[in-house]
Amino acid sequence: MTPKIPQVQASAFCVPSRSRKTASFSIALAMSLVAGVGLAYGQSDTEDEDDVFELEAFVVEGSIRESLLEGVAIKRNEYQIVDAIVAEDIGKFPDNNVVESLQRMTGVQVTDRAAGEASTVSIRGLNDIATTVNGRNIFTASGRSVALQDIPSSLLNRVDVYKTRSAEHLEQGIAGVIDVKTQRPFYFDGRKSVLATRFINQEQEGSFDPNVSFMTSNIWETDAGKFGALINLSYAETNYRDQSVTAGAMVPFATDNPPPGFTPYQRIFDTAIWTPGLEQGLPFAAGSTLNFGGEEYEYVLSRDAVFASDFTGHRERSAANLVLQFAPDDNSEYTFEAFYNGYRNEGFNSLHFSFADWWGGLSDNPAADVELYPGTNIVKSRENVGFPYGFQSGDLTVGTTDSYLFALGGKWDVGENLKLEADLSYQDSRFETDFIAMRTERVHSEIDVDFRSESGYPAWNFGETDILTDPASWTVAQLYDNSNRNEGDALEFKVDGDYDADWGIINGLSFGIRYDDRSAAESDRVLDRGMGLPGEVGYVPFLGQNLGDHPELAYQNYGFFDGNTDVPSSWLVADGQYIYDNHDEILDLYGLPDTSTHQLTENFNVSETTTSAYVVADFRTDVAERRLDGQIGFRFVDVDTDMMAFDLESKTWTPGSTSTSDLLPSFMVRYDWTPSFRTRFSYGETLRRPGFASLNPIIHYFDDVTNIGYGTASGGNPNLRATTSKNYDLSFEYYMEDAGTVNVTLFKREIDGLVIDFRNKIIYDNYDYVLSQPENASNGKLDGVEIGWVYFPDDLPGILDGFGVQASYTMLNSSQDVPETDLAGEIIGTRSTDFYGVSDSSYSVVLAYEKEKWNSRLSYVSREDWLNNSEAAQFANPLGVWRAPQQSLDFQFTYNVSDSLKLTLDATNITDEIYENYYVYPETHNLGNWLISRTIAVGARYSF
């Protein structure tokens, strides 16, 4: 149950309540809500609770200040620790998409900026987030989550980020819950229509892309009651270009004084001599040695390759939202909602790749061609690397998503004390991808390479300026061709109730049940399956003809990496779009059957039913003549999962099933020391269910072909249990009269049963195998502090009037215990590592300035480096791949031509950042560098 506050009158926004009462509020009195003036939140006086409302929706008319302070009002009103973003105007969220708006919220970090947008959200360093729309759990295809960037910001009324959880909230999502609230007709007093257009330029790509939305809403008072209807439509196109240069993985080489049987600077492949996949990698101090037949010889570490990616694409997103509302009287309300989200994307990767590890064709003085980092055995640069093999690849991925949601809900006041809500919803979502790629190859005469040049990025050349753009220099090689289809649906029914009680200190009781019937399936098609091709699974056809004989296949890029480093600026690859458009012609060229033989094969399906029930008691009392209130509750969750997986080798289906039950407590208490200063404490337990694909019961066994004494195996794990977390939060909040808030929150997460890839020795068919599969084999903890500040007074003198600031700082500390196993699957110890995706600190600062005719916002976001992922355990570099610190500077400007017409100008990534990653040690173990576009957008919004 959301806590209630006394009803006041104003005009800037309206808030429908469960009792069907609506109110219009002035911004002045809304600020008194924020500051506590007139609320008596810290006073012992008892308010009249017969006339109350709940903060369900806001309608703001174009003010940054109102938007920020109403977010503060939501934070204050909730029992839970929650931050909110309220749309600055109908159809206007403050950024290109929801994800970018969230990055300025306290405790929220955003990563994976690519393809013209940011795509990954973390709350306090964790990205396991449950996403709901109007309180309903949503997903894409066979996944358990939805991509927030697929939800158009023009549809939104507000977004709430819950960092703590009541038992009445969805149990999933260790990091938190993001609840997206869309517009509804009863949020408006009468007819309202808004048309918004924006044109966004991605600097690296060059075009201006349209983003158009239209919303119209109206309500009618009839003899049968109040009726409302709303239609919201959105369409957006994006043309994008991302460019990256990468120094490859590290491997050991002999020096110019090689051991017997080796030549100078020969690559050492034999893993009996060195161990790949070490946590810290091979030693890289000068003079480090390896044992060759009982004798120590020095080695050097160098890269196996260098490569560059020029990734371009075109994306379209369309969305539609229909809402019908009917209130026959003051005690009941019915809402029908229908959503459609569509996604179309064509992404083309022009890949240039060259090995840099060949030891043949060296100069007469090879040591002079090798430069080491001082005090290390790491190669910084090499000249005259003879006869390196290289390839180019034109890779086209075509993806489509269609997602539908239909829902019917009702609210009823039953007597004076009981309110009931019921909701029935159905979702269906399908995601399909087609991938086709063609490689061309050649052996260059030589390569000169600096793995970290003066620019800070890799640089290389082949000594011949036109070799990369001459079709006659390339041989058409392999063809890759596959497709995937993931689909899912769900039927959900839930009932919630709130009872206003008067049982001593217990003043409210919330209860509810939820039933969710979910199914998902995955299918795929690969080129070598079911087509009568030679060879076993893994066969890749090879053409072996000169690209100059097929000029229609060639595609050339230009202006690569903006001259930021000395790498080729142009090269030829196979034209992925031509290959896709002329699919049968290409298959015939390779002597393959045409596309009529292409059939997707279902390889996995799952059905899962979730039944949950909760009860939450609200309590209130006075301590030292100040209010102390809160909630205590329990949520019971029962999950039954049945699955079937198709084994390609045996051509049989393998079943699997699992059942789990969890009882999750929650407790929250608030104490108002003064009308402006509050403390909260929260304890709750949440969980994360394993992804459906991780439950696949099929195990694939591979024989011992190298006489190491055991075979290998891999697969999913139907016995995976949910990862659970115990969550502790303590916050201190100060609310400034008519101005904003300062809050400090201490938090801790104790996480049990983290899923990791784990090697374990098993016996199958009387033979030893080392099985790699996901296991709940790790535990971890995360703690930290976050500080938030919103300050937007309305009485500053002179030119300062209209100035406001929003700032946040988050400090995190994480550790995860991971069992270590040797190559034979024996546990040899435990190591402690950071969580993936957790920066030690991050901060954001937003400076806003608002006048009667215009407003502007300058935003800066920064986060420290973080462990992003682990490299494959096949190389000599450290396993951990870190992202370097990232920053972003954005700007927004709005000019009010009239009350109805507003013009906008927005810019992102103003400083034109180049992002980097590296293996643990940034100065010597650099890895990748990618250039992200600046964007500039102009727009207009007309309301009537």
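Strand S27 and strand S31 (residues 601-623) pair in the antiparallel sense over 18 bridges. Strands here are DSSP runs of E of at least two residues, helices are runs of H or I of at least four, and both are numbered from the N terminus. Two strands pair if DSSP finds at least two bridges between them. Within this pair, alanine 520 stands opposite valine 606 in S31.

This is a predicted model, in which local features need pLDDT of at least 70, side-chain atom pairs count only at pLDDT 80 or more, and totals for chains, interfaces and linings use all residues. Residues are numbered from 1 along each chain as its sequence is written, and side-chain values use heavy atoms, with hydrogens and water left out.

**Around S27**

S27 also pairs with strand S26. S26 covers residues 475-503 and S27 covers residues 506-526; 20 bridges join them, and they run antiparallel. Glutamate 492 stands opposite aspartate 516 in S27. The two strands form a hairpin with two residues between them. Glycine 504 sits in that turn, with a positive phi of about 70°.

**Around S39**

Which strands pair with S39? S36, S38 and S40 do. The table gives each pairing.

| Pair | Sense | Bridges |
|---|---|---|
| S36 (residues 711-715) and S39 (residues 767-791) | parallel | four bridges |
| S38 (residues 740-764) and S39 | antiparallel | 23 bridges |
| S39 and S40 (residues 803-821) | antiparallel | 13 bridges |

Glycine 711 stands opposite tyrosine 769 in S39. Aspartate 757 stands opposite proline 774, also in S39. Tryptophan 789 stands opposite alanine 807 in S40. S38 and S39 form a hairpin with two residues between them. In its turn, aspartate 765 has a positive phi of about 55°.

**A five-stranded sheet**

An open sheet of five strands has the order S5-S10-S11-S8-S9, with mixed pairing. Strand S5 (82-86) and strand S9 (136-137) stand at the edges, each with a single partner strand, so one side of each is left without a neighbour in the sheet. Inside the order, S8 (residues 129-133) and S11 (residues 176-182) pair in the parallel sense over five bridges. Threonine 132 has aspartate 179 in S11 as its bridge partner.

**An exposed loop residue**

Is aspartate 223 buried or exposed? Aspartate 223 is exposed, with a relative accessible area of 87%. Exposed means over 50% relative accessible area, buried under 20%, and partly exposed in between, with a 1.4 Å probe and protein chains only. Aspartate 223 is found in the loop between strand S13 (208-222) and strand S14 (225-247). Serine 596 lies 373 residues from aspartate 223 in sequence and 60 Å from it in space, C-alpha to C-alpha.

**The whole chain**

The chain has five helices and 50 strands. Its radius of gyration is 30 Å, close to the 30 Å that the globule rule gives for 944 residues, so the chain is as compact as a globular protein of that length. The radius is taken over C-alpha atoms, and the rule is 2.2 Å times the number of residues to the power 0.38. The C-alpha atoms fill a box of roughly 90 × 65 × 60 Å along the principal axes. Of the 944 residues, 58% count as buried.

Among contacts (heavy atoms within 4.5 Å) between residues at least 6 apart in sequence, 72% join residues at least 24 apart.
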